[in-house]
Amino acid sequence: MQLADKLMVLADAAKYDASCASSGAPRRSSRGRSGLGATNGTGICHSFTPDGRCISLLKVLLTNFCLYDCQYCINRRSSSVPRARFLPEEVVTLTLDFYRRNLISGLFLSSGIIRSADYTMEQLVQVARLLRETHEFRGYIHLKTIPDADPGLIALAGRYADRLSVNVELPTEAGLGRLAPEKDGRSIRQAMRQIHLGGKEAAAETRAPRFAPAGQSTQMIVGADDASDRIILTSAEQLYRGYGLKRVYYSAFSPIPGSPDSVPLQPPPLLREHRLYQADFLMRGYGFEASELLGETHELALDIDPKLGWALRNRDQFPVDLNRAEPRLIARVPGIGVRNAKRLTELRRLRQIRYDDLVRLRCSMDKLKPFVVVQDYRPRTLDGAESSRLHLRLREPSGQLGLW
Ligand code: SF4
């Protein structure tokens with residue numbers, strides 16, 4: 001098989017992995033043909049570095065052959081997709097070629113499991129080692145970690161890669177047992193612990209070899225099993241706290257033709273994935289706990305964003321006087337983000353905050369009006385009936401994704 005054909009198969013096979021955030025970025029091509037610099041179909045995705053830069057990565061699998069038969073995965077053993085396999089040197093050649101043409105800033109490399117976890121991990125490490133040591137490649141490398149691999153190989157991976165990721169896939173042992181019985185939740189968490197400790201040691205000891213300085217991430221598949229949003233978010237919360245994860249990515253399950261009966265025929269609503277990302281953002285950036293965002297329910301509301309949902313359930317905490325409240329509480333008001341909360345706190349050191357200040361800062365006025373008091377504005381008391389009316393008024397029509 002030609003290298004370009006392998007690339008077509010293995011870039012397509014990698015697109016289901018969300019643990020490196022990606023979006024297709026078709027560039028111009030002449031008369032429908034891919035020319036120099038065209039990125040469509042070649043596996044280039046966009047990802048964000050820890051300092052917020054958006055970079056392009058070559059996102060491929062080393063191989064989509066796999067010994068495992070995870071029911072939700074297009075590359076499972078029993079799937080009839082076309083298969084291909086790169087040699088490590090071929091991935092190195094492609095990466096360097098794309099890099100020199102300025103198409104990418106780095107590589108995201110994952111793999112199906114062939115022969116054994118150790119063998120597969122060795123091949124992944126070999127790519128990173130060749131890039132770093134033989135070719136002095138200074139670009140970004142994100143390596144997928146095979147959970148059952150020898151800890152020595154994971155340690156080597158951390159030395160060469162900027163970021164490592166181990167996919168949790170399903171948040172419960174029961175889910176894994178039913179849909180991915182060859183996977184073991186304990187090994188996944190052990191690998192995460194090793195990566196977490198490796199990163200901490202490297203950060204604490206100036207002479208220690210570098211270890212995955214961009215940390216680790218993971219992916220959870222949403223809607224392949226019956227795990228509720230509560231289970232998913234609580235699990236994410238534990239991963240952030242226990243293993244210092246930088247990001248948890250949520251990937252709505254997409255049924256593939258010929259999927260087994262054990263997985264749903266329909267994908268979950270895309271809005272569910274979006275609400276999980278919003279809730280995750282509120283946990284990481286605003287100090288919310290999963291239990292606060294869910295209240296008594298097991299699923300996030302689809303029609304309103306989780307921050308507004310929390311505010312409506314906690315009417316006793318509102319209205320918030322923006323001239324007196326703690327900055328932490330200001331950021332929790334629907335319609336005010338962390339950045340505006342900071343600006344408002346700075347402003348009130350100089351003078352009293354007024355309604356026009358909120359308009360000038362482009363706060364989401366529709367959302368925040370019922371929840372704030374400022375020098376020249378006070379809302380009506382938010383009783384139960386008013387709260388329900390507000391819920392209805394601020395509902396987002398399906399397909400429209402609300403911001404806060
Ligand atoms: S181990 Fe990974 S590639 Fe193999 S079937 Fe499971 S999810 Fe797919």
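## Surroundings of the ligand

A residue is counted as near a molecule if one of its heavy atoms lies within 4 Å of that molecule. In this predicted model, the residues around the ligand are Cys66, Tyr68, Cys70, Cys73, Arg76, Gly112, Glu169 and Lys183. Ala, Val, Leu, Ile, Met, Phe, Trp, Tyr, Cys and Pro count as nonpolar, Asp, Glu, Lys and Arg as charged, and the others, Gly among them, as polar. This shell consists of four nonpolar residues, one polar residue and three charged residues.

Residue numbers start from 1 along each chain, following the sequence as written, and side-chain values use heavy atoms, with hydrogens and water left out. Because the model is predicted, local features need pLDDT of at least 70 and side-chain atom pairs count only at pLDDT 80 or more, whereas totals for chains, interfaces and linings use all residues.

## The cavity

Searching the whole structure gives one cavity of 30 Å³ or more. A cavity is a set of points, on a 1 Å grid over the protein atoms alone, where a 1.4 Å probe fits but cannot get out; lining residues have an atom within 4 Å of a point. Points are joined across faces, edges and corners, and the volume is the space filled by probe spheres set on them. The largest cavity holds about 60 Å³.

Its lining is formed by Tyr68, Ile113, Ile146, Pro147, Asp148, Glu182, Lys183, Asp184 and Ile188. Five of these lining residues are nonpolar, none is polar and four are charged.

## Helix α2

Helices (H or I, at least four residues) and strands (E, at least two) are DSSP runs, numbered from the N terminus. Helix α2 covers residues 88-100, has 13 residues and reaches 18 Å from its first C-alpha to its last. This is close to the 18 Å expected at 1.5 Å a residue, the expected span being 1.5 Å times one less than the number of residues.

Buried residues (under 20% relative accessible area, with exposed meaning over 50% and partly exposed in between; 1.4 Å probe, protein chains only) in α2 include Pro88, Val91, Leu94 and Phe98. Just after α2, Asn102 takes a positive phi of about 65°.

## Backbone features in loops

Ala212 is in the loop between α6 (185-204) and β6 (216-222) and is buried, at 6% relative accessible area. Arg362, in the loop between α13 (355-360) and α14 (365-368), is exposed, at 76%.

A cis peptide bond, with omega about 0°, joins Phe318 and Pro319. Pro319 belongs to the loop between α10 (306-313) and β8 (320-321).

Conventions: On a 1 Å grid over the protein atoms alone, a cavity is a set of points where a 1.4 Å probe fits but cannot get out, and a pocket is an open set with protein on both sides within 12 Å along at least five of seven lines; lining residues have an atom within 4 Å of a point.
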